[in-house]
Every structure is written in C-alpha cells, then in structure tokens.
Amino acid sequence: MIITPIPAFDDNYIWAIQPTQNADAVIVDPGDEAPVLKWLEQQGIGLASILITHHHWDHTDGLLPLLEHFEVPVYGPNNPKIQGISQKLHEGDRFIPAGLTVEFQVIETPGHTLDHLSFYTPDTAEGMLFCGDTLFSAGCGRMFEGTAPQFFASLRKLAELPATTHVYCTHEYTAANLRFARAAEPDNMAIEAAQNEVAKLREQHQPSLPSRLERELAINPFLRAKDAAEFGKLRQWKDNF
Ligand SMILES: [Zn+2]
C-alpha cells in the first residue's frame, strides 16, 4: 500500500491510496480538484474511487469536478449537503473501496461536524485510520456542530484502535498543536520530544504526518482527557490559545 499526501490550500493534505505503484488511486477528501488532477497526471494514473469524511468545503469542493473526469464510486456520510456521494455509509459498515483489496470499517465520529466519518482498516501491516478533522496530531478539530460529550465519545472510539495504527489527518497543524499541548501538559516529556522531531521535519518541508496512535496517546491532550468535561475545557482553552 502506498499512501501519498497531496498538499492543498495552505495546510490541507488530500491523501492518495494506491495498492501498488502505477495503480489508480483512491483519493480521500478532495477539497480541490486541481492538485489531484495534476498529481494523477504526473503519476500517469487514473482515479479509482473517492472517500469523504465530512461536509466541509475544503474536503468536498473537488468532488463534483473530479467526477466530470472520472466516473467512480464515492463513499461518504449520509448528508444531503454533499452532492455526488454514491455509497452512503453508517457506523459499523464495512466496504472495500473500488481500486483496493482491503476492507475499511466506518466509524461515526461526530463532534467537529455531526456527519463526520472516520475510515479504519486493519488489513495492512499496522492498520490505517483516515480521520479527517476529528483527530489531528497533538490536537483535534474545532467543535463546530457537536457537543463535548459527543466529541469525547468519538475520540474514545479512535483511542481503542490498535496502538500501531497509522493516523492520517487532513491538516498540517502539528507544530501549533504541540505548542498548546506543551502548555496543557508542561511536565510531559513526550510532547517536548515530539516538538523537536516535528520542527526537524518541517524545516525539511516534510509532512509531520501520518502519526501513530500510540504516539497520539502519549502527546495529544484531547485524546488523554479523562472525561467529557475535561475535554470540553481543553477545547475551549485551545479555541482562544
Ligand atoms: Zn472540517
């Protein structure tokens, strides 16, 4: 399995999943069609299918334009706001995206938005999670539509996945998130170590992602919150940090 981040806008990653080099790609959250079309052309490949995590424009605006070039299945939330979804998914659904042979499990993760889905597959060596704007490295998405108990419950579901799981978030927010994490947990040495690692990667213009779940369990204050009340306080503090 080959996973490639296609940078979009200021700090989004549109993830491309290929079973092998030169195979058509599955694209996750195409907020903009232009960088995706350019990358597919550079690779000399086509599009196999599309996964959508939630309705925000920076995850969906490239969807209909891509469908004009490629007639492919689109898997995503059951939300009428999103046009172009051919397979509407719910908690516990399992599906094999066209173009791949691995099965993905659908995890409903409301909080950032109410329609938010995360996609998890155990069918690779260490497991992969595509979690959109629910979980970021050292942070989480803003709570636009859900409640603290809802968002906290969503993060608990992700925390229970195998610790080896590779975590593919859709924004390069890690350095800023770590500054907040350091303030929230000043004695947590794992956060300081992560800050140094991420600073080096960013100096070399490398993505800080994917992360791994065991790393997030060590450095992510939102994943480490004991209950919904603590989560809610952290979220509010971060909004004004
Ligand atoms: Zn979003």
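Which residues does the UniProt annotation "domain: Metallo-beta-lactamase" cover? I looked this up before anything else. The unreviewed entry gives residues 11-171. I note here that the model is predicted. I then checked the ends of the span 11-171: their C-alpha atoms lie 5 Å apart. I also read off its secondary structure, 21% helix and 28% strand.

**Zinc site**

I went to the zinc ion next. Which protein atoms are its donors? I found His54 (NE2), His56 (ND1), His112 (NE2) and Asp133 (OD), at 2.1 to 2.3 Å from the ion. In sequence I read their spacing as H-x1-H-x55-H-x20-D. His56 sits in the loop between strand 4 (47-51) and helix 2 (57-60), and His112 in the loop between strand 8 (104-108) and strand 9 (117-121), so this pair ties together parts that lie 56 residues apart in sequence.

I checked the geometry. The angles among the 4 donor atoms run from 90 to 164 degrees, and the site is classed as irregular. Why not tetrahedral? Four donors need all angles between 85 and 135 degrees for that label, and the range here reaches 164 degrees. For reference, I noted that the ideal angle for four tetrahedral donors is 109.5 degrees.

His54 counts as buried at 0%.

I looked at His54 in more detail. It is found in the loop between strand 4 and helix 2. Leaving aside neighbours within four places in sequence, I listed its contacts, among them Asp29, His59, Pro77, Ile82, Asp115 and His116. His112 and Asp133 are also in contact with His54.

**UniProt binding sites**

I compared this with the record. UniProt lists His54, His56, His112 and Asp133 under "binding site", in an unreviewed entry. These residues span 80 residues in sequence, yet no two of their C-alpha atoms are more than 10.0 Å apart, so they gather at one spot. Of this set, I find His56, His112 and Asp133 in the lining of the largest pocket.

The entry, again unreviewed, also places "binding site" at Asp58, His59, Asp133 and His171. How far do they span in sequence? I get 114 residues, yet no two of their C-alpha atoms are more than 10.6 Å apart, so they gather at one spot. The largest pocket's lining takes in Asp58, Asp133 and His171 from this set.

I followed up on His59. Its place is in helix 2. Not counting residues up to four places away in sequence, His59 touches His54, Asp133 and His171, among others. Its list also includes Asn12, Asp29, Pro30, Gly31 and Thr170.

**Aromatic residues**

I searched the whole structure for aromatic pairs. How many are there? The search finds 15. One of them is Tyr13 with Trp15, a tilted pair at 5.7 Å centre to centre with 50 degrees between the planes. Both residues of this pair, Tyr13 and Trp15, are buried. I also traced one aromatic cluster formed by Tyr13, Trp15, Tyr75, Phe95, Phe104, Phe119, Phe130 and Tyr168.

**Backbone checks**

I turned to the backbone. Most residues other than glycine have a negative phi, and most peptide bonds are trans. I therefore listed departures from that pattern.

Phe9 has a positive phi, near 50 degrees. I place Phe9 in the loop between strand 1 (2-8) and strand 2 (12-18). It is partly exposed, at 38% relative accessible area.

His205 has a positive phi as well, near 60 degrees. Its place is in the loop between helix 6 and strand 14. I have His205 as exposed, with a relative accessible area of 71%.

Which residues does a cis peptide bond join? I found Leu209 and Pro210, with omega about 0 degrees. Pro210 lies in the loop between helix 6 (189-203) and strand 14 (211-212).

**Ala153**

I found it in helix 4 (residues 148-159).

Terms used. Residues are numbered from 1 along each chain as its sequence is written. This is a predicted model: local features need pLDDT of at least 70, side-chain atom pairs count only at pLDDT 80 or more; totals for chains, interfaces and linings use all residues. Side-chain values use heavy atoms; hydrogens and water are left out. Donors are N, O and S atoms within 2.8 Å of the metal (3.2 Å for Na, K and Ca); water is not among the atoms, so sites may look incomplete. Four donors count as tetrahedral if all angles lie between 85 and 135 degrees; four count as square planar and six as octahedral if opposite donors are over 155 degrees apart and all others between 65 and 115; anything else is irregular. Helices (H or I, at least four residues) and strands (E, at least two) are DSSP runs, numbered from the N terminus. Rings of Phe, Tyr and Trp (its six-membered ring) pair if their centres lie within 6.5 Å; planes under 30 degrees apart count as stacked, over 60 as edge-to-face and the rest as tilted. Buried means under 20% relative accessible area, exposed over 50%, partly exposed in between (1.4 Å probe, protein chains only). UniProt positions are given in the numbering used here, feature names are shortened, and annotations may be inferred rather than shown by experiment. On a 1 Å grid over the protein atoms alone, a cavity is a set of points where a 1.4 Å probe fits but cannot get out, and a pocket is an open set with protein on both sides within 12 Å along at least five of seven lines; lining residues have an atom within 4 Å of a point. Contact means heavy atoms within 4.5 Å.
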